[in-house]
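Here is a guided look at a protein model, written to be read with the viewer open. Please keep the sequence at hand as you go.

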Amino acid sequence: MVGYRQQPGKLDFTRPGSGGSSSVSEKREPGRIPESQGGDLLQPWGPHRHDDLITGRVIGKRTPLIDSKWKVTGQAVYGDDIRLPGEIIGRLVRTDRHYARVLSIDASEAESIPGVLGIATGEDAPHAFGVLPVTKDEHAMAVEKVRHIGDIVACVAAEDEDIARLAANSIRIEYEDLEPIFDIKDGLKDSDNPIHDRGRYHIGESNVQKRVFQRFGRIQNIGDSIASHEGSWTFKGVNHGFTEPHAVVAHWDPRGRLTLYTPQQVPHYVHRALADVLEIPMHQINVYRTFVGGGFGGKSDPFPHEMCAAILARKTGRPVRITFDREEVFWTNRGRHPSKISMAIHADDEGRFSGIETDALIDGGGFASFGHVTTYYNGVLHTAPYEIGAFHYTGARVWTNKPASGAMRGHGAVNSRCAVEVGIDDISEKLGVDPIDLRLANLLPPHSATITGFRITSIGMRECLERVRAESGWDEKFRKMPLGKGIGVGCGFFISGSGLPIHWDPNKFPHATVHLKIDMDGGVTIHTGAADIGQGSDTVVAQSVAEVLGLPMDMIRIRSRESDTSPVDLGSYSSRVTFMNANAAVSAAMQIRSELIAAASEITGVDEKRIVIGDRRVFSKDDPSIGVSYLEALHKAQEDRGALVASGSYRTPPMGKMHKGAAAGLAPAYSFSAYVAEVDVDVETGKIKVEKVWAAHDCGKALNPLSVEGQIIGSCHMGLGQVISEEMRYGRTGNLLNPDLLGYKIPTVHEMPEVVPIIVESNDPEGPFGAKEAGEGPLLPILPAVCNAVYDAIGVRIQELPMTPDKIYRAVESTCRKGGFESPLDLPSPRLNQTPLSKILKERGAQHSIRDRERRLKSEPSAYHNGALFGNDPETPPEELDPSWHVQVLPDEEYLEEPGLAGSAWLHTERRHRGEGR
Amino acid sequence: MRTPAFSIHTPHTLDDAVETARKLTDEEMEFDWISGGTDLIPNYKWGINPKSHVISLAAVEEIRGVSAFRIGAMARLQDIVESAEVHPLISEAAASVASIMIRRSGTLGGNLCLDTRCFWLNQSETWRRSIDYCHKCDEGTGADCRVIPNQNELCVATYQGDLAPALICLGAVVHLASSAGRREMPLEQFFQEDGITRNVLKNGEIVTHVELPESSSSMVGSYQKLRQREAWDFPEGGVAFAVQVDEQGNISGLNMASTGFESIPRSHKDLVDSIDMGAEWGLEAKRLGVELKRTVRPVLNTWFPPSYRKKMASVLAKRAMEEAAKRITSA
C-alpha cells in the first residue's frame, strides 16, 4: 500500500545538511544549469538575470503540486469542510423579483420559529463595497432595491439547515415592482429607474456603467484597404463552472476579532471590504483562505454572502456557516459577459493589417464587479501580437436585471479575440493566402511597443505558430479536407499580471511580498498571501525558493492561508501570481543565499564570489571539495541572532503611455499562444466534434512543465465549452433557465479532444527564471481555432457562441437554400487559391524571423514602435512625428453622428457635465 | 440542497408492496414509489411535488432479473447494458442513458415511469416562485402552463425516457400490479397524453416487469438519440426502429417509435406501414423521416428549440432505418 497509509518515517525525506558526499545527495544536473553558468542547458533565447541562481534542483522539472496529496486523499479542507464548535447554519433570503424596490421586510414569523438564532437585513450593513474602488455598488443585503432574481434581501441563522431554510422561506417581503431590462441594448437607453445611481458621474439617465472610446494610428487610411472583414458577433454569457460552490464560515473569537474562512482567490480585497462593511479596522480581521475548489475568476470578488456570514456571526455570537446550492452559484455568477461585438479588420495591398475597428457592448448584469476593467480589456487586449496601422475601439458596459458578470479566465480578452482571429481567417481567404503565413508576416518583434503603448518584452508567437503548423500537418490539411472535416488556427495574447495595483500607487508599494524564515532545523517556511486556487501557486513559490537555496522540495513549507501571518498579496487574478509572487520569492531567497554564502566563506576562507550552492551544500566553484553542508553554513549564519528571516518583494517598472485608460491591459510581460484544432462536423445535425488540438503556448519558461501542460489542457476544455455548448440561457421572462449542471452544458469526456500541449519558452527578461503566465492565455485561441475549423469543414461561419447544433444546422440550411443544394451533404468545402500576395507574405515572414532572432539576443535592442511596418521610424513613437497619427480617447462630433452600438453610449452626457447630480 | 424529510417503507415482496400502498391510500397519505431514485430524489430536492411517504422497491426480489424475454422493473439499467441475453436494441438504448453511475442506480421501471421534464418546472422553489409556479407543480396556486399559456388542460412537459421507444418497437408488453390485481398491456398503451398523469398507473399500482414476444429475438433495429453532450443529457429527441428478419433475410413487421418530442413516447406503426418494400431503402428512409417530422409536436421547454428538434426527427428516423439496414446486411 502506498500513499497516505505509508508511515511518514518511511518516506524518503532528505536530511537537511546531507549534501555533498552523502549517498542521498543528488548530483548537480548539468542539463539544468544554463550554459552561461557553465552547464549544458541550451539557451536559444539568450541568458537571463536569474541564471546565476540556478542550482539545477527543481526549476523546469515536472513537479507534482505540493498540495496534491491533500486533495487525492480527501484531507484538503475546503470552505464547507470547516467545522467549529458551536457552529450554526446561515441561509440567504433571495428575492423572486427581477427588479423591485423593497418596501418592507417582516421577519416576525421567522423569528418565532424555534431554533432560529438571528436574522439580518440590509439595515444591518448600510455600507457599499465592490471589488474595484471606483465602482463600489454592492451591499451585503438589499438596502433599497433588488436587482435580479436571486439578489439577497435578508439572511437568517439557525441551529440547523432545515430550520434555516424554513425560516428563510417564512420571511415576508413587500415589494414595489420596477420595470426590468434584460436586453443588453435596452441598457443604452435612458430609464426612469436606472439600476444604479452613480450620482454626478451617472451617464445620462441610462444604464451605461462604463464607456470607452479609443482611436490610435492612421484612422484615415483604413479606407485604403484591399480586403476587409466585417463580423457581427453575439456571445452568450458563460459561468466558471467550478466544482466547489461558494461556502464561508465566520467566527468572532473571544477577543472580538473576526476570522473569515473562505475559498477566495483574492483574500485581501475581502479583508478590505469586510472592514468597510463591518465598520471595524482591518487589523481586527483575519481572512483565512481554505482550499479553493476552483475559482477561474469566480471567487475573486468580495461577496455579499461573506459579509452576511460575518454579520450573522456577530449578531448570534456563534460561528456561522453558509454554503451555496449550485443555483446560488449561478445567481452570484461573475462569469464572462454576454457581449455583442462588431469587428472590422482591414488589410492593405501588402497584406498588412491597416486597421482594426471594434465595437463591444457588454452585459454587466446587476452589478459592476470587475466590469470597469472588462470594458477596456475587450478592446486593448487585441492590439497585439500583430502590428496594426490603426485601432479604433468603442466599448460600453450596461447594467441589466440579471446576475452580475465579472472576471473569468481570459478576462475581457476572450470574446473579442475570437472575433479578431476569425476575422483574420476571413481576410486571408479574401486575400488568397494561408492564414498562418498572413499572421507570421505581421507579428510585432521582441522588445517593442504596441499601438496603445504596451511594452512587449519576450514574444514567442512566431515559434508557437511554426510549431503547431508543423505538428498538426497543417500544410497537407488546410482547405484540402472533405466536407465535414476541417482544420483551423487561432492565436492568443494575454497579460501576465496587471501593471496597476488597484488599491495603491505602484511606484510606492509592491505588488507582492514574500517572507522566508529558516530556523535551526533547516526547513524553510514561506509566508505568502498568494492564493493557491488549484493553479499551483504554492508549488511555484516553493520551487523558486528551493531552486535558489539548492534545497529539495520537502524542506520547503508554505504558510499562505491567513492574512494574520501572510504579507499582503493582491491575490490570484490577471495571471499575476507566478510572475510577481515568484519574483518576490526569488528576491527573498537571494538574501538568504548571500547570508549562507557569507557564512560558508567565513568557515572556509573562500572568497564569497567564488562560492556556489548545490544540493544542500555550499562550496567553492573552483574546487567543489572545499565547502560546508547547508546546515553548517546555516548554523554559522544563525550565530548570535537565531532564525534567518528575509522579505522580498516585486514591483512593476514604470510603463505605458499617458492617455486616459493607458494603464488598462498594461503588464510587465505578455503571453502568446497559437492553437490548431481539427474538427468533424455532422452536416445533417450540425453537431461538432473537436477531434484534436495542437496547443502551443509561450509561457516564457515552464517552471513546472507538468502544471503548464495541465493549464493548457484545462484551458482547452473551458474554452471549448464556450464554443460548443456552454451558455447561461435566459428565457422570454428574463429568468435564467439553466442554473444547474445538467442544464448548463459543460463538455464531458466525450466532447473533449485529444490535446497536444506544446510549450514554447521565450525567456522573459523580467519573469522569474524567464517565466510568464500560463493560466489564462491558453484559453483564448481555442475559440477561434474551432470556429475557423468549422468553416474549413463546412464553409459556414457562425458568429454566435456557443455554436450549438441548432445554430450550425440553421446556417447550413440557409447556405443550402442560397446555393440551391438539395441536401447539406452536397455542400462544397472551401478551397484555397493562393494569390501572388502569398509569396510576398512568406518572404516578409522569413525576414521578420531573422529580425526577431537578432532582436531577442541583443542585450540592449533598439526601440521598436508599432507602425514601423507602415514606414514609420521604429525608434520614435509615431504620434511624435506624424500629426495625423491619432491618440484619441474622446469621440468627436463626426463620430457621434453615426456611432456604433456601444459607441452610442457616448450620446449621453454625464450628469456633472449637465450641471446636475450631487 | 436538502431532501425534504419523508418516511420510507421497505416491503420485501410484491404483495407487501402493493399492500403498503393500499394502507397508505386508506389513511389518505400521499406517497411515491422509489426504485433507483435518480429521478425522484433530485425532484424532491427541488421541492417538486415531494410526498411524505416513499415506498422503496429495493428489497422486492420478484421484480428484478434480466433475461431475453422478461426484464424486471427493478433491473438496473447497467445490468441491461451488460446482459448478453437482452435484445441489442434495448441494450443500445439503455447504454445511452445519462452516465454509468446513474445507470448503476437507475432501473427499467424508473426509466419507463420517468417524470416529464420542462425548463419551467425542473427548478428550485425560489425560481418557480419567481414565475408564479406552473400547471404541473402549482403549489395550490392554480397556475397556468408557462410553455403554452392560456391552456390549462394538458401539461406539455417532455417525456425523455430512452427505453420506451426501443421496447415499443420490439412489441413489449408491460405488466402492472396493485392491491386490486394485475393487468398487462402493450407498452404504447401504457402512456397517456398528459405531462402530469403521464401513464395509466393508478394510485398504488406499479410496473412489475416488461415481457417481450419471442419473435423479438429475430428483430433487428437501431436507436438514434439527439442531445448536446454524449453523456448525462436526456434525449432532445430519440427514434427507435426495428424490423423482423427471417432466416432468408426477408423483412416484415416494421416498427418505429419516438421519445423526447412530446409528453409521451409514441409508436409510429402507421408511418412505417406505408413503407414501399419495393422502393430503394435509402429513399424510403428519407421519405419516412420527412413524414415523422410532420408528425411530432415538440414545444419550447428543453435545451434545443422545437423547430430544430422537429427537423432532427427526420434525420434520426432516416439514420435509424439506415443503421438497421446496415445491421441486417452485416448479420
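## About the model

This is a predicted model, in which local features need pLDDT of at least 70, side-chain atom pairs count only at pLDDT 80 or more, and totals for chains, interfaces and linings use all residues. Residues are numbered from 1 along each chain as its sequence is written, while chains are lettered from A and ligands numbered from 1 in the order in which they are written.

## A sheet in chain A

Let us start with an open sheet of 4 strands in chain A, ordered β18-β26-β27-β28 with mixed pairing. Helices (H or I, at least four residues) and strands (E, at least two) are DSSP runs, numbered from the N terminus, and two strands pair if DSSP finds at least two bridges between them. At the edges sit β18 (485-495) and β28 (754-760) of chain A, each pairing on one side only. From one strand to the next, the twist averages 20 degrees; here axes are lines fitted to C-alpha atoms, for helices over the stretch in contact, and angles run from 0 to 180 degrees between N-to-C directions.

β18(A) and β26(A) run antiparallel and are joined by 11 bridges; Gly490(A) has Tyr675(A) in β26(A) as its bridge partner. Strand β26 (residues 670-682) of chain A also pairs in the antiparallel sense with strand β27 (residues 687-698) of chain A, over 11 bridges. There, Asp682(A) is partnered by Lys687(A) in β27(A).

## The nonpolar core

The largest nonpolar core has 351 residues. Such a core is a set of buried Ala, Val, Leu, Ile, Met, Phe, Trp, Tyr and Cys residues joined through C-beta atoms within 7 Å. Helix α13 (residues 577-604) of chain A gives the most to this core, with 14 residues.

Among the residues with the most contacts inside the core are Val156(A), Val790(A) and Ala240(B). Setting aside residues up to four places away in sequence, Val790(A) touches Gly486(A), Val679(A), Val681(A), Ile688(A) and Met803(A) (contact means C-beta atoms, placed from the backbone, within 7 Å).

## A buried loop residue

Is Glu387(A) buried or exposed? Glu387(A) is buried, because 24 other C-beta atoms lie within 10 Å. Glu387(A) is found in the loop between α7 (371-380) and β15 (390-398) of chain A. Beyond its neighbours within four places in sequence, Glu387(A) is in contact with Asn442(A), Leu444(A), Asn866(A) and Leu869(A). Leu444(A) is 57 residues from Glu387(A) in sequence, yet 5.4 Å away in space, C-alpha to C-alpha.

## Where the chains meet

In all, 24 residues of chain A are in contact with 19 residues of chain B. On the side of chain A that touches chain B, α3(A) gives the most, with 3 residues. The residues of that side divide into 5 nonpolar, 8 polar and 11 charged.

## Chain B as a whole

Chain B has 11 helices and 11 strands. Its C-alpha atoms fill a box of roughly 60 × 45 × 35 Å, taken along the principal axes. Of the 331 residues of chain B, 51% count as buried.

Conventions
A residue is buried if 20 or more other C-beta atoms lie within 10 Å of its own, exposed if 12 or fewer, and partly exposed in between; C-beta atoms are placed from the backbone. Two residues are in contact if their C-beta atoms, placed from the backbone, lie within 7 Å. Ala, Val, Leu, Ile, Met, Phe, Trp, Tyr, Cys and Pro count as nonpolar, Asp, Glu, Lys and Arg as charged, and the others, Gly among them, as polar.
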